[in-house]
Amino acid sequence: MAQLNMVQAINQALGDEMARDDRVVLLGEDVGRDGGVFRVTEGLLERFGAERVLDTPLAESAIMGAAIGMAAYGLRPVPEIQFMGFTYSAFEQLFAHAARLRSRSRGRYSCPMVVRTPYGGGIKAPELHEESTESIYCQIPGLKVVAPSGPYTAKGLLLAALRDPDPVLFLEPTRLYRLLREEVPEGDYVLELGRARLARAGGAVTVIAWGSMLERVLKSVEGYDADVVDLLTLNPFDIEAILGSVRKTGRVVIVQEAAKTCGLGAEIAATIAEEAILHLRAPILRVTAPDVPVPLGKLIDHYLPSPERIRAALDEVLQY
Amino acid sequence: MQVCVYTLQIVSNNGEKRTMPEELLATYEVRRLGVLDPNGEVDQALMPELPDAEIWRMYQLMVLSRTFDERAVSLQREGRLGTYPPIRGQEAAQVGSAFALAPSDWVFPSFREMGAHLTLGCPIPQLLQYWTGDERAQKVPAHLNIFPFCVAVGSQIPHAVGAALAVRYRRDPVAVVAYFGDGATSKGDFHEAMNLAGVFTLPIVFICQNNQWAISVPLKNQTASGSLAQKALAYGFDGVQVDGNDVFAVYRATKQALEKAKSGGGPTLIECLTYRMADHTTADDAGRYRSNEEVAAWRDRDPILRLERFLAARELWSVEKGDEEKGRATAVIDAAVREMEAMPPPGAAELFDGVQAKLTPRQEEQKRGR
């Protein structure tokens, strides 16, 4: 097995699936000649040609809308939106059409596509390049939302997403693109969507995290008896995996990069309250960003959940 | 007869001696096509080759569209249909364009093209069923390549462009048609989609029914352009304005644009200049924002009257034949209404039909009533 970073793992998954399935077509800004601004699609234009790796005009709504038409026609488009902050231009297409097409056509048409976008903070980039607004997308019935936490999960989840019959928003944690290297099998493997992963086993407290925060959580919980649940799929999230861990530990800390109010952590906490409140020994705590716009680089360390704040939350629930 | 041309000059050289003289970069023409005038006379040179039986079929479809529309409005008034957007006045634009399509072509409609749906053979009970608020009607029959109605204005245009990208990739011998109105030409999706279609030289025809009113906003407040057709020029392909109440002009322009699309010539924008003779929807009162005189002037240019005058001059139409045809259409619509109203209402479980290929565990619970 090779040691790959996430950029390489995603590139490998895309290339393998394009070789396997001629319905898979990439489109987006700079995905071809430039190989994407993070080089995730590097080499794919040379390998598969300009009909399958489309450098599009700078128009996110058209990229998303065109992908919907391609998917309905029978292709498996993979639109890339260059940064999550630019998905807002394409929001109507995603919400009003991609997620609803199967339902509103009562199954006559469907929209199997994977929308790839880098997300999350800490990369010293300009405004709107470090967004983490996944919960907005988790409120869209018909759309799956996936966030890998490292190279291994990125490849397996992307292959699953590319074979899913419905639209998937695939959030790639930008800060981790080249930070982590992991053993990634060269061959085909699929991590089923909707399944979480126990990233670390422990007995005293459950820590729930996903995507960009998982790496920080694993560093922060060293020395604690913590069960770490890596969600991987944000919608539908793996309720059984969460409840299984909560029933074991009775204490929960949810770590989310996004702003607190109406974040995904709120939905997870509400689900635990509904299904397992009698197993809890302590209040559920959330470690999140404050309810402010994502700041520029000088303030980003004050914005993102820090290891200190994560450990403070662990210490607090462990007092009960 | 009615090929009007006006010219846009982008930059002109005024002839003065200068070290950096201005150059004429480009000159553009915007054409208007008309074949059948309001008196029912045609320009033989422009008249498409259509046997009498085909022309009569066009007439039947326009009458059927008018009859459907009148019935839908009255059903809404009786509380038997939900809010409904009438097509009155736009029958030639819809029937004429759809008549030019092949069954294998793909169509991305907005929500005011029931005349096109009828021409393409959409089941009439199903069309009515949609406007009762029953989304099961959005399941377009498998033999028709029509997308569901699109209510979010202009947002279907990129879908058509995407389908055209797929057509090109698959090298299928088909074209794609996007329908929309004048209001949609102000939306970003219209411009983004047109631009994409131009860049990739896609096999697509954009059909704009310019009915001159987007609810209460008249065309002059929608755009400062001299025509909607000329917007295509900015994206590197042809735009043509046709008399949208002239079924032959609409047919001719659409047929040509489809042939061009299928032979690799790229996109075309067709602006059908027509008029929304009714309210925006049954929930609207157009009397609040436009004059009776304006509406009356357009009533004289009714597309069905015009075709009847043409047919009468050829002794193919008489008042009796017209009444017979209207009676036939009424019977067809009567039967469709009966069939539509006999459909059992959807049950609560159908909320979940087709939301995803496989429901999530939570959706499964909700479907069971939890």
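In chain B of this predicted model, the axes of helix α2 (residues 91–99) and helix α8 (residues 247–262) come within 8 Å and cross at roughly 35°, where axes are lines fitted to C-alpha atoms, for helices over the stretch in contact, and angles run from 0 to 180 degrees between N-to-C directions. Helices (H or I, at least four residues) and strands (E, at least two) are DSSP runs, numbered from the N terminus. Ala92(B), Ala93(B), Val95(B), Gly96(B), Ser97(B) and Phe99(B) of α2(B) meet Val247(B), Val250(B), Tyr251(B) and Thr254(B) of α8(B), with contact meaning that C-beta atoms, placed from the backbone, lie within 7 Å.

Between the chains, 35 residues of chain A are in contact with 32 residues of chain B; on the chain A side, α3(A) gives the largest share, 10 residues.

Chain A itself is divided into domain 1 (2–184) and domain 2 (197–318), bounds that come from an automatic or database domain assignment. The centres of these domains of chain A, taken over C-alpha atoms, are 26 Å apart, and 25 residues of domain 1 of chain A are in contact with 22 residues of domain 2 of chain A.

The table gives residue classes: Ala, Val, Leu, Ile, Met, Phe, Trp, Tyr, Cys and Pro count as nonpolar, Asp, Glu, Lys and Arg as charged, and the others, Gly among them, as polar.

| Residues | Classes |
|---|---|
| Contact of α2(B) with α8(B) | 7 nonpolar, 3 polar, no charged residues |
| Side of chain A that touches chain B | 16 nonpolar, 12 polar, 7 charged residues |
| Side of domain 1 of chain A that touches domain 2 of chain A | 10 nonpolar, 8 polar, 7 charged residues |

Residues are numbered from 1 along each chain as its sequence is written, and chains are lettered from A and ligands numbered from 1 in the order in which they are written. Local features need pLDDT of at least 70 and side-chain atom pairs count only at pLDDT 80 or more, whereas totals for chains, interfaces and linings use all residues.

Methods: Contact = placed C-beta atoms within 7 Å.
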